[in-house]
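Welcome! Take a moment to look over the fold below, and then let's walk through a few of its parts together.

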Amino acid sequence: MTENDQGNVPSRQRKRFPGISSRAYEHPADRSALVALRKLSGFDTAFKALSALLPERSLRLLYLSDSVRVSDAQFSHLNDMLRDACYILDLEKVPPMYVTQDPKPNAMCIGLDEPIIVVTTGLVELLDEEEMRAVVGHEVGHALSGHAVYRTVLLFLTNLALKIAWIPLGTVAITAVVTALREWFRKSELSADRAGLLVGQDVRSSMRGLMKIAGGNHLHEMNVDAFLAQADEYEKSGDLRDSVLKILNVLPRSHPFTTVRAAELRKWSESRDFQRIMDGHYPKRSEDKDTSVTDSFRESAGHYADTVRNSKDPLMKLVGDIAGGAGDLAGDLGGRLRNRFGGGPAGDGKGTDGKGTDGKGPDAKGPEAGGADGTGAGQSEG
């Protein structure tokens, strides 16, 4: 944050995280993709070269001309939250923020050269101060992670896919890219939810905000614990048909379902990783260049494996059982092969020359012998 910005920072009692890297709060799948992209030489330059094709300038002019820019003079309480969020996450440059007329509660962070944050009037009217603080922190988290660049490309490709839908097979490749980007972006939303919690530092407010986005401004009619119980029921309910329907339902979405987001955020808020950040132990931005792509992918793969292993979803349990069974089978087969060829009980250190158990008779046919021709092609192991 610049010196001029720091002069306007409101008083606060929340913890601050100087130099924090976005890796501290990023979901493993989100982090592995971002680390890989950051390591690609010239990737950001190439993406920004697309700015001539992307509607970024048009979007900026649109919001400047037909929305209200947040400042000390307009929506000052949101301006205080924005500066506060940037101060807590140590984002040097405060991104412009706009309020646009739209009854649907929504917020986004877009842009290639410089991110901008947009919130709708529906969201501003729906959430209280602490709930809104988490949302502003969520969007600042997007900016710190660099999600705005990829979100803008996702919007562009989605619009392009619609425009060329009439061309036979014309959307196949773009649809595949858009589907992959949406899966990544759903994970990036979980990352930004974590950033929102680091800024607001009130998990119940974060939960209430998600609950209101799902059910509207009827807080007296809703209950956070009951809302979280819905998430548990959603994960474990139904049979394999319901599992397939869940996948089909989420594929066209850019955001995970709100109950799922709430459950994921609760899990992270109770984790050791979150507590370490709150205690001041977190990866620093200065160390980002030394981050290992391999380690990030390994962590992402481990996360997905843990998700499958611990999931209550019928399809995920089936996948886990199949994978576990295959692992047991592979382990059993490997043990047998080691015993057969590595001097274990079956081979007893003999017969490795294919001439029978004692290395003598060429046609030895004992239970541990090879085939009748001494090639080891017998079927005594079944």
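## The sheet

Four bridges join strand 2 (residues 97–100) to strand 4 (residues 116–120), and these two strands run parallel. Here helices (H or I, at least four residues) and strands (E, at least two) are DSSP runs numbered from the N terminus, and two strands pair if DSSP finds at least two bridges between them. Within this pair, Tyr98 stands opposite Val118 in strand 4.

The open sheet has 4 strands in the order 1-2-4-3, with mixed pairing. Strand 1 (68–69) and strand 3 (107–110) stand at the edges with a single partner strand each, so one side of each has no neighbour in the sheet.

## About the model

This is a predicted model, where local features need pLDDT of at least 70 and side-chain atom pairs count only at pLDDT 80 or more, while totals for chains, interfaces and linings use all residues. Residues are numbered from 1 along each chain as its sequence is written, and side-chain values use heavy atoms, leaving out hydrogens and water.

## Two helices meet

Helix 7 (residues 129–145) and helix 10 (residues 203–215) pack at an angle of about 90°, so they are roughly perpendicular to each other (65 to 115 degrees). Angles run from 0 to 180 degrees between N-to-C directions, and axes are lines fitted to C-alpha atoms, for helices over the stretch in contact (heavy atoms within 4.5 Å). The two axes are 8 Å apart.

## A loop residue

Glu92 is found in the loop between helix 5 (76–88) and strand 2. With a relative accessible area of 54%, Glu92 is exposed (over 50%, using a 1.4 Å probe and protein chains only).

Key: Parallel < 35°, antiparallel > 145°, perpendicular 65-115°, else oblique. Buried < 20%, exposed > 50% of the residue type's maximum accessible area, 1.4 Å probe, protein only.
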